[in-house]
Amino acid sequence: MAVQDNISASAPRTSLLNDPVFRGILYQVLVATAVIAFISWIVFNTAQNLAAQNKTTGFDFLFRTAGFDISFTLFPWSRSSFYWQAFLAGLLNTLLVAVIGIVFSTILGFTLGIARLSCNWLISRFATVYIETIRNIPLLLQLFFWYFAVLKAMPAVRQSFALPLDIFINQRGLMVPRPLIDHEFTWVIVAFVVAAIGAIVIGRWATNIRTLTGKYPAAIVTAARAANAAVTFAMGYLAFMALGALLPALTGLSSLPLIGAVVLTAMTFTPASPYVRSIIAFILAWVVLSFVLSGMFPSVPSVVISVGSAIAGVVLGWILLDGADGRASEGKFPIALPLIVAFGVPALVYWVTGASLQFEVPVLNRFNFDGGVQLPPELVALVFGLTIYTAAFIAENVRGGIRAVNKGQTEAAQSLGIKEGDRLRLVIIPQAMRVIVPPLTSQYLNLTKNSSLGAAIGYPELVNVFTGTTLNQTGKAIEVIALTMAVYLTFSLLTSAFMNWYNGRVALVER
Amino acid sequence: MTTSALFVRDHFIDPKPAPGRTGGPILWLRQNLFATPSDSLLTVLGAVLLLWAVPHLYNFLIGHAVFPGGTVEECRAEGAGACWAYIGARFNFFIYGFYPIAEYWRPNIVFALGAALIIPLLVPSALFKRTNAVLFFVVYPVICFYLLNGGVFGMRYVPTEQWGGLLVTLIISLVGIICSIPLGILLALGRQSKLPIIKTLCVLFIELWRAVPLITVLFMASIMLPLFMPTGTTVDKLLRALVGVTLFSSAYLAETIRGGLQALPRGQYEAGASLGLGYWKRTYFIILPQALKHVIPGIVNNFIALFKDTSLVSIVGIFDLLKTVQTGSDDIEWAAPNQATTGYIFAAAVFWMFCFAMSRYSLWMERRLDTGHKR
């Protein structure tokens, strides 16, 4: 038996190459040498090339006059502005698109994600088709489509499409009214912020009391009744005004909105209060549907559309009546109260301080629109394309997040008798958010990075203005590209820092 | 708080009546379209939208469209839909770009060979997987290069400036995919490595590429790469774009593969070590096969992203599918109101077909390799 006792002996002598520690060091030294050699080779070549072209390096070009035009800037721009201002203009334009795109794509993405999981067969198919189509087509192609095939094919200025709210769309982009605010209006904004915070505080306090005692405090109930009446008055007024617009026969009765609103408001204090909601819903559904449908189907006679909409309105009113119960203001959360506080207080401040908010409406002149804000078609196409594209990805994240919540959670909530809407809002979404937020943040980052494609359709964002025009004019390739990359790197780092912070805050705390 | 009475329900809800139907189309409608009032409302709105959109779409794409063989006058007529005749007339340009017409057989062989090699590679039960993979990943690119470039065996030399259309799109995505796999694996292994210098370099590489948009990478490749090379060397424009796309994509791939490496239980590493296998053998025989299998769907998703991103090379002036379509829309000969739209719809359909096929494949693979996460 040739069993050797090696225990007492020293470790067997092996080749130095087989020693893991030595090998690790060797590999690292080799790799580091290779990388350093490669980088020095590049630096050497670059220096030589630059010397051959008689170029110097340095950032002093930033303080020279740019001498080119930028079609859309957020601050006054002239040809005599400096290159650093061009950099800033591009950066701000990138941020503008990113912020608008993030807001809209989040809204659209969440809607689609929930729609894809909806029990409604038709709606979930809609969402599926949307997502599968949009996700599989390059963003650049979509941007070209929106820009060249849709916006550039819009009618000329004289034949602009007029959209509601004094918005016009034509070849030169989207014309929207410009808000004109005066000095006192600042107080209204301050009041709005304060009131909104106040409304949240009141809501939380009321809910706390209810959790402890089972009832909302009497003061809240009374205030909520008053608020309810006020909201009813406003909604009723709006509904009857809209009705007047739909039915020309009613235009003679100029006091109809006022009378109608007062009657409806009075009804909220009687046992007939559940009917109020139904009536308002009926009128609004009727009017809105008639207008929308007659726009969509111009060939169908308006009588048919009007009758159809009226039937839809009746159905809606009946549905709302079905779900209403008489003790609304005592059992349910008084939603009217925070609404009234959040919007009523600023309105009061607006009235008291005499602030004025007017809109400068774009008006068609001989050659172009005057006044208002003109959003160039490049901006519109970029925001549109980015929103539609990113929303498809966000929708998938949302769906994944909701699917990741254990089915037992839904069943538990069901067995406690929580209604479907509350189940989603109180049980499923908060847990799903843990899964949704990390990929959502990277979608935001992707959107910001993708806004660089604006360069391809001529939107003056960072890459277009700086890596494009500035680089061409100055020839400072290294500096310009380094600055551009530094900007995106900063975005990236900030985003991931935020993501880590948020993740740490909402992560499941386990043993 | 001992005095507070918590909120509890004090009466029972009446039991619901037993369900009436247990099957049939009416029940299906009830459950899937009209379950609740708000559901019914959504269904009605959706149906109205469909009724409005489908006729318009049908008329544009088929009803009033001018099919191949039609004339430009028909496309210019009032109320004409999509101008498919234009696509038919310019089809070869969209596929081959400026490649000489007499030499079309060369790209055709490349397409056919590619299809012949890739289909058995994608079918899990096909035989000779290893040979097949070597042929596709190593031999095929070499053949393609000489076949397309020419200059050997009496074939005419065709410079890359003349390559274009779908051909270039496929070349960029295939080269990107083939080259970024080994690079991505190495980067992922490097990121997991215990050697600090290698790890730092890999992390830096991955994070740097992932943080910047591809378009700046392409700009950098087209402007800076000549600066980095020794004076006098010229780098082909297509090659510059290929380098940019590959490096960019390998960083993303590395992160996907890292996910697979992390998903492996520690025991697998330890078992390999206890068998006395060295790092490379352990990685090659035990770790990578399992890790890659875990993340095949993720890798396919990366390929989809890469395929879509190839369209960005049109910004640095390479004639890929999108660029040819865009050039085509300025074609005076076929100038018609819907010329541009039809071109974009065609390009979108081509991209969509490839990406959708890939995504279905990845879903199918996911189900096949079902890793036990299914509920």
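Reply: Across the interface of chain A and chain B, which belongs to a predicted model, the rule finds 1 salt bridge. On the side of chain A the contact takes 66 residues, and on the side of chain B it takes 67 residues. The size of an interface is often expressed as the accessible area that is lost when the parts come together. Here chain A and chain B bury about 5600 Å² between them, with 73% of that area on carbon and sulfur atoms. Within chain A, the residues that lose the most area to chain B are Q28(A), N136(A) and L141(A), which together account for 11% of what that side buries.

Chain A itself can be followed next, beginning with a residue of one of its strands. E360(A) has its place in strand β5 of chain A, and E360(A) counts as partly exposed because its relative accessible area is 29%, which lies between the 20% and 50% limits. Although E360(A) and R178(A) are 182 residues apart in sequence, their C-alpha atoms are 5.0 Å apart in space. Leaving aside residues up to four places away in sequence, E360(A) touches P177(A), R178(A), L180(A), G371(A) and G372(A).

Helix α5, which runs over residues 185-213 of chain A, has 29 residues and reaches 42 Å from its first C-alpha to its last, close to the 42 Å expected at 1.5 Å a residue. Its buried residues are F185(A), V188(A), A191(A), A195(A), A199(A), G203(A) and A206(A). An α-helix has 3.6 residues a turn, so residues three or four places apart point the same way. After α5(A) comes G214(A), whose phi is positive, near 90°.

Elsewhere in chain A, 4 strands make up an open sheet with antiparallel pairing, in the order β1-β2-β3-β8. Its edge strands, each pairing on one side only, are β1 (161-163) and β8 (373-375), and the twist averages 20° from one strand to the next. Between β1(A) and strand β2 (residues 167-170), the antiparallel pairing runs over 3 bridges, and the bridge partner of F161(A) in β2(A) is I169(A).

How values were computed: Residues are numbered from 1 along each chain as its sequence is written. Chains are lettered from A and ligands numbered from 1 in the order in which they are written. This is a predicted model: local features need pLDDT of at least 70, side-chain atom pairs count only at pLDDT 80 or more; totals for chains, interfaces and linings use all residues. Side-chain values use heavy atoms; hydrogens and water are left out. Helices (H or I, at least four residues) and strands (E, at least two) are DSSP runs, numbered from the N terminus. The expected span of a helix is 1.5 Å times one less than its number of residues. Buried means under 20% relative accessible area, exposed over 50%, partly exposed in between (1.4 Å probe, protein chains only). Two strands pair if DSSP finds at least two bridges between them. Axes are lines fitted to C-alpha atoms, for helices over the stretch in contact, and angles run from 0 to 180 degrees between N-to-C directions. Contact means heavy atoms within 4.5 Å. Buried area is the accessible area (1.4 Å probe) that two parts lose on being put together, summed over both. A salt bridge is a side-chain nitrogen of Lys or Arg within 4 Å of a carboxyl oxygen of Asp or Glu.
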